[in-house]
Amino acid sequence: MPTTPQRDCSAPTIVIGAGPHGLATAALLNLSGELTVILERSDRAGASWAQRYDHLRLHTTPSTSNLPGLSMPRQAGPWVSRDDYVRYLEHYVAHHRLDVRVTTPVQRIERSEAGSGAQWLVHTPDGPVAAGAVVVATGRCHTPNVPDWPGRSTFTGTLLHSAHYRSPVHYRGRDVLVVGAGNSGTEIAAGLAGAGAERVRIAVRTPPNILPRSSARWHAAGRLTQALPLSWRDRTSLLTQRLAVPDLTSRGLPRPRTGLYTRHAREGVNPVLDHGFVDAVRSGSVEPVGAVQAFEGPDVVLADGTRLRPDTVIAATGYRSNLHDLVGSLGVLDEAGQPLTVGAQNHPAAPHLYFAGYTNPLTGVLRQAGIEARAIAHALRREKARAPLRIPQLGDRTTDARDKGHAPR
Ligand SMILES: Cc1cc2nc3c(=O)[nH]c(=O)nc-3n(C[C@H](O)[C@H](O)[C@H](O)COP(=O)(O)OP(=O)(O)OC[C@H]3O[C@@H](n4cnc5c(N)ncnc54)[C@H](O)[C@@H]3O)c2cc1C
């Protein structure tokens, strides 16, 4: 069996991305005495949250969204707002004294030819940074995904991805079609309807599993029933939905046929936690319509042939992690571009290269940030314990990196 090359522990561990996963991992690495630097492409930590829409609230509870070593303040309430969460992430950086190098986009990672053991070169516009280990935490929701609908470029209205939607105030008096009934799509549609859009429709391909917001504790229930068969878990979840969510079939939104656990296992789709969407559909202020099939000039053509003529289409159609530029040449991605190993696991072809934040568990992605961070910190501690003591030499790659301003302060 091939042995894993030992890590050069005198070189820093580079974490790429200052989102929840990168911050949590760096915090635990710091605590275990690892020299850790975070490289962040934007001008702040928590940038992806700062850029999200202004009425966004966490749909996970604070206790399942806290990162290791720091709880969210009680004043943030049970449904933490976007701004409070951004403040929490900023506070997290200060609390753990994290070394975040902002405006430092990583262009690609390659194996270092020089030096002993397995080392990585992390390429930035200012030059390469040598690393003993690398943690990639650039986010599953990295690049907005807009389907390549036929005729998309002919659309004469405005088409934007939900990542670029900021506030409902810009849509007062407008006719808006939201595409996609996931958490973002349903929340944006309800927000638009409540803030004076003239007409709001939502295009639904597959009826979502909707749970009341208060059942965010289903995260906990999900954990308890993990060992049970999917069909059993689905039946109980469909029963919960029947009891807690009114039937919206007469409003154009039938109950889902597939239970939330099967849907998650097959398609990676999470249930919708209701933040006002159900009431908006019930009152008619949000109108469900069929799936979008094509665009033709001013028209959006639905799968059943219906034509709509909205001013704006907001595509809440998901994201891609877009890791090809970063690590595409290393043989560590599957056909869909997802990492073949995540958390504490290393791909045999890429020792000391970790991926944090590339799963979408039903128990919540933010909760997972702590789990993966602990696992990676543990793995790196084990590697360090195995590594021989090495005294850094003048002019070795760590020192070069410091000269370029990238090594830890
Ligand atoms: C609208 C929305 C709401 C969500 N709400 C919840 C919720 O309530 N609860 C929950 O558990 N999960 C939620 N999620 C899912 C998930 O928790 C978040 O997407 C979370 O931000 C993921 O953290 P991350 O650190 O993996 O990625 P991100 O937060 O996206 O952080 C990645 C960081 O990497 C940086 N970066 C990217 N590429 C590079 C590069 N090449 N070089 C350097 N830096 C780079 C980015 O600028 C960013 O700062 C939500 C997701 C979305 C889209």
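**Exercise 1. Which residue of β3 does Leu 39 stand opposite?**

Step 1. Leu 39 stands opposite Arg 101 in β3. The strand that pairs with β3 in the parallel sense, over 2 bridges, is β2 (residues 36-39). Strands pair if DSSP finds at least two bridges between them, and helices (H or I, at least four residues) and strands (E, at least two) are DSSP runs numbered from the N terminus.

Step 2. Contact means heavy atoms within 4.5 Å; axes are lines fitted to C-alpha atoms, for helices over the stretch in contact, with angles from 0 to 180 degrees between N-to-C directions.

A note before you go on: this is a predicted model, where local features need pLDDT of at least 70 and side-chain atom pairs count only at pLDDT 80 or more, while totals for chains, interfaces and linings use all residues. Residues are numbered from 1 along each chain as its sequence is written, and side-chain values use heavy atoms, leaving out hydrogens and water.

**Exercise 2. Find the order of the strands in the open sheet of 5 strands.**

Step 1. The order reads β3-β2-β1-β7-β20, and the pairing is parallel.

Step 2. At the edges are β3 (100-101) and β20 (353-355); each has a single partner strand, so one side of each is left without a neighbour in the sheet.

Step 3. Another helix, α10 (residues 365-386), lies across β1, β7 and β20 and runs at about 170 degrees to β20.

**Exercise 3. Describe the hairpin that β5 and β6 form.**

Step 1. Between β5 and β6 there are 2 residues. Strand β5 (residues 120-124) pairs with β6 in the antiparallel sense over 5 bridges, and Trp 120 has Ala 131 in β6 as its bridge partner.

Step 2. Is β6 enclosed or open? Strand β6 (residues 127-131) has 4 of its 5 residues buried, so it is largely enclosed by the rest of the structure. Buried means under 20% relative accessible area, exposed over 50%, and partly exposed in between (1.4 Å probe, protein chains only).

**Exercise 4. Work out the surroundings of Thr 312.**

Step 1. Thr 312 belongs to strand β18 (residues 312-315) and is buried, with a relative accessible area of 1%.

Step 2. Setting aside neighbours within four places in sequence, the contacts of Thr 312 include Thr 158, Leu 160, Tyr 171 and Arg 174.

**Exercise 5. How many cavities of 30 Å³ or more does a search of the whole structure find?**

Step 1. The search finds 2. A cavity is a set of points on a 1 Å grid over the protein atoms alone where a 1.4 Å probe fits but cannot get out, and lining residues have an atom within 4 Å of a point. Grid points are joined across faces, edges and corners, and a volume is the space filled by probe spheres set on the points.

Step 2. The largest cavity holds about 100 Å³ of space, and its lining includes Pro 208, Ile 210 and Gln 241.

Step 3. The second largest cavity has about 30 Å³; among its lining residues are Pro 208, Asn 209 and Leu 260.

Step 4. Leu 260 is also one of the buried residues in helix α7 (residues 260-267). After α7 comes Gly 268, with a positive phi near 70 degrees.

Note on methods. On a 1 Å grid over the protein atoms alone, a cavity is a set of points where a 1.4 Å probe fits but cannot get out, and a pocket is an open set with protein on both sides within 12 Å along at least five of seven lines; lining residues have an atom within 4 Å of a point.
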